[in-house]
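Trainee: I have just opened this entry for the first time. Could you walk me through it, one question at a time?

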Amino acid sequence: MVQIRDLGRHVGETVGLVGWVETTRSHGKVAFVVLRDGTGLAQCVLVKKQVGETTWAAHEGATQESVVTVTGEVRADDRAPGGFEIAVSEMAVLAEAEEYPIQPKEHGVDFLLDHRHLWLRSSQQRAGLRVRAEVEQAIHDFLYDRGFVRIDTPILTGSIGEHAGTLFETDYFGEKAYLAQTGQLYVEAACPAFGKVYCFGPTFRAEKSKTRRHLTEFWMVEPEVAFADSDENMRLQEDFVSYIVERSLERCAEELKVLERDTSRLELVRPPFPRLDYTEAVERLKEKGSEIEWGADLGAPDEAVLTEEHDLPLFVHNYPKSAKAFYMKENPEDTRTVLCDDLLAPEGYGEIIGGSQREDDLDRLRERIREEKLPEAAYSWYLDLRRYGTFPHSGFGLGVERTVAWITGRHHIREMIPFPRLMNRLFP
Ligand code: 4AD
Ligand code: MG
């Protein structure tokens with residue numbers, strides 16, 4: 001058997017293919033079957049007079065999504081999807097599909113999500129998930145090339161990673177456990193062992209909001225660097241994001257075309273990214289009519305307003321302590337704020353990264369844990385990191401689905417993960 005992506009090497013030869021029937025079209029004497037094998041699409045042409053009776057009968061049973069084998073000669077044809085056509089000599093149906101629920105017409109989103117296990121096969125879904133896979137590979141390659149060691153952090157945890165508000169709690173042999181909101185506290189622990197580390201895995205937040213940018217299970221990559229300050233942290237982020245975008249443009253041009261993504265703005269993405277201090281951001285937002293008050297986190301509409309003026313992603317840095325997590329380092333120049341940044345993607349996509357320099361002072365960190373009313377005992381191991389050779393360090397988390405939604409230009413991040421988990425969705 002030959003893979004469709006390799007057909008170009010077999011022009012003029014007779015080959016065998018196996019795959020799923022994407023579409024069929026028949027004009028009585030000639031029939032066209034578009035075959036999909038996961039590597040591409042091939043148009044198979046059957047001429048009634050030339051194929052035997054069994055093959056002609058087989059094509060009539062080849063309903064949408066049936067599995068078929070095809071033997072035929074490869075011909076170059078610019079009009080065919082994929083650029084090649086198969087002049088079929090034989091076709092057999094290995095598995096006839098029942099009437100397929102997804103038809104080439106408008107289906108509602110709920111219907112498509114209910115059929116996500118089948119919807120995955122559609123061209124735009126295939127394109128989006130292939131970009132996701134490329135982004136994930138780019139993430140690993142970038143970090144590996146820069147000497148980061150990958151650390152796999154636990155999903156069942158006893159210490160709350162971010163906030164108490166969005167926890168999935170479960171019983172762990174009589175003790176309370178949570179699904180990890182982040183792997184950060186654990187990569188911080190691995191820093192003195194390896195210097196530069198990262199974790200990459202699913203993270204969980206019981207988000208009760210139904211927005212286009214929230215999932216309850218999403219994938220996050222979290223690099224952590226010893227002796228890096230907040231400024232260095234932002235420089236790493238802009239290099240990282242630029243690399244991911246460049247890789248996607250380079251290796252997923254076809255997919256981005258299928259998704260009808262206008263890539264002109266993505267092509268501009270390279271360091272340095274503009275930076276805006278939180279306090280200035282609030283002033284600017286107020287000038288533009290926002291009701292935001294100093295101290296609050298930025299909402300999605302605020303982020304959209306701020307990014308409007310920029311082609312590049314925008315850093316907003318040094319947020320108020322009250323708006324951010326307990327582990328962020330106090331800003332010595334304005335102790336109401338912390339040394340942190342959010343990276344906001346342009347074109348209305350908003351926050352794709354949250355990062356910060358970590359509080360490395362034992363007393364101040366303990367104080368913050370108390371202020372946030374977090375159970376101190378669960379953090380004694382984390383506080384140890386400030387007892388035994390504390391060191392300045394910084395890191396960040398990039399959300400994969402939000403990043404891929406921006407790169408592909410899709411509206412909702414639920415399409416950027418194979419099986420989205422949303423407040424009202426646990427199946428399929
Ligand atoms: O800003 P967050 O909450 O930061 C952290 O979790 C830190 N521990 C990261 C670190 O410093 N190591 O989340 C980071 C990113 C967000 O910018 C966003 O891209 C994504 O994770 N994210 C979500 N994506 C989808 N659905 C949700 N509910 C998300 N919550 C956060
Ligand atoms: Mg955040």
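**A guided tour**

Mentor: Gladly! Keep in mind that this is a predicted model. One contact to begin with: a nitrogen atom of ligand 1 lies 3.3 Å from an N or O atom in the side chain of tyrosine 327.

Trainee: How much of ligand 1 does the protein bury?

Mentor: Start with the ligand by itself, where ligand 1 exposes 630 Å². Then put the protein back around ligand 1 and ask what share of that area is covered. The share buried by the protein is 94%.

Trainee: Which elements give two or more residues to the shell around ligand 1?

Mentor: The shell itself holds 23 residues, and the closest are Glu162, Gln184, Arg205, Glu222 and Glu351. By class, the shell has eight nonpolar, seven polar and eight charged residues. The elements giving two or more residues are strand 11 (217-226), strand 15 (350-357) and strand 16 (393-399).

Trainee: Which strands stand at the edges of the open sheet of eight strands?

Mentor: Follow the order of the sheet, 6-10-11-16-15-14-13-12, which has mixed pairing. A strand at the edge has a single partner, so one side is left without a neighbour in the sheet. Those strands are strand 6 (149-150) and strand 12 (275-277).

Trainee: Within that sheet, which residue of strand 14 is the bridge partner of leucine 314?

Mentor: Look at strand 13 (residues 314-317) and strand 14 (residues 340-345), which pair in the antiparallel sense over four bridges. In strand 14, the partner of leucine 314 is leucine 344.

Trainee: Why is helix 12 described as largely enclosed by the rest of the structure?

Mentor: Check its residues for burial, which here means under 20% relative accessible area. Among the buried ones are Val400, Glu401, Trp406 and Thr408. Helix 12 (residues 400-408) is largely enclosed because the number of its nine residues that are buried is nine.

Trainee: Which residue just after helix 12 takes a positive phi?

Mentor: Step just past the end of helix 12 and look at the backbone there. The phi is about 75 degrees, and the residue is glycine 409.

Trainee: How far apart do the C-alpha centres of domain 1 and domain 2 lie?

Mentor: The domain assignment gives domain 1 (4-95) and domain 2 (116-416). Their C-alpha centres are separated by 46 Å.

Key
Residues numbered from 1 in each chain as written. Chains lettered and ligands numbered in written order. Predicted model: local features only at pLDDT ≥ 70, side-chain atom pairs only at ≥ 80, totals over all residues. Heavy atoms only, no water. Near = heavy atom within 4 Å. Polar contact = N/O pair within 3.5 Å; in protein donor to acceptor, adjacent residues only side chain to side chain. Areas by Shrake-Rupley, 256 points an atom, 1.4 Å probe, with all protein chains shown as cover. Nonpolar A, V, L, I, M, F, W, Y, C, P; charged D, E, K, R; others polar. Domains from an automatic or database assignment. Buried < 20%, exposed > 50% of the residue type's maximum accessible area, 1.4 Å probe, protein only. Pairing = 2+ DSSP bridges.
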